[in-house]
Amino acid sequence: MKWRVLLVEDESLVAMMVEDCLIELGYDVAAVAASVEAALAAVQAGTIDCAVLDVNLGGTPSFPVAEALEARGIPYMFVTGYDGAAIPAHFRPRHGLQKPFRVRELQEALAGMCKAPLELRRAPHTAHAAAAPRD
């Protein structure tokens, strides 16, 4: 089973390169969004397991997308050309990578973000029921 990734990036060449890297690393790119609106629609669709977000989408911050992901418990990270100071304090732990980056750095950042077994993420009610103590 592959992790389904939402890629949020407004620069098409960068998006294509990151998408290729994700596929090469064994991830399924569920959606590529170039705007906050498109990204929020992808989050609402409920077909993603994690997300990679650029901070600046054509002059609009992607923080509403991060908030929507946070509310749903979906892991995400920022991949940006900005340093950590450009990200509000409560989102700084999600600053995964600074552009430009190497494929190995992306692989390591994704591995750290996607720690929980995918089966548990997609079927949380079943996993909790199985772990419940019996009398």
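Please look at G73, which comes just after helix α3 and has a positive phi of about 70 degrees. This is a predicted model, so to speak: local features need pLDDT of at least 70, side-chain atom pairs count only at pLDDT 80 or more, and totals for chains, interfaces and linings use all residues. Residues are numbered from 1 along each chain as its sequence is written, and side-chain values use heavy atoms, with hydrogens and water left out.

Now the helix itself. α3 covers residues 63-72, and its buried residues (under 20% relative accessible area, 1.4 Å probe, protein chains only) are F63, V65, A66, A68 and L69. Among the elements that cover them are α2 (36-45), β3 (50-53), β5 (60-61) and β6 (76-80).

On to the whole protein. There are six helices and seven strands; these are DSSP runs, H or I of at least four residues for helices and E of at least two for strands, numbered from the N terminus. In sequence order the pattern reads β-α-β-α-β-β-β-α-β-β-α-α-α. The protein has 135 residues, and 36% of them count as buried.

Take contacts next, meaning heavy atoms within 4.5 Å. Among those between residues at least 6 apart in sequence, 64% join residues at least 24 apart.

Last, the surface. Its accessible area is about 7,700 Å², with 55% belonging to carbon and sulfur atoms; the method is Shrake-Rupley with a 1.4 Å probe. That is all from me.

Key
Buried means under 20% relative accessible area, exposed over 50%, partly exposed in between (1.4 Å probe, protein chains only).
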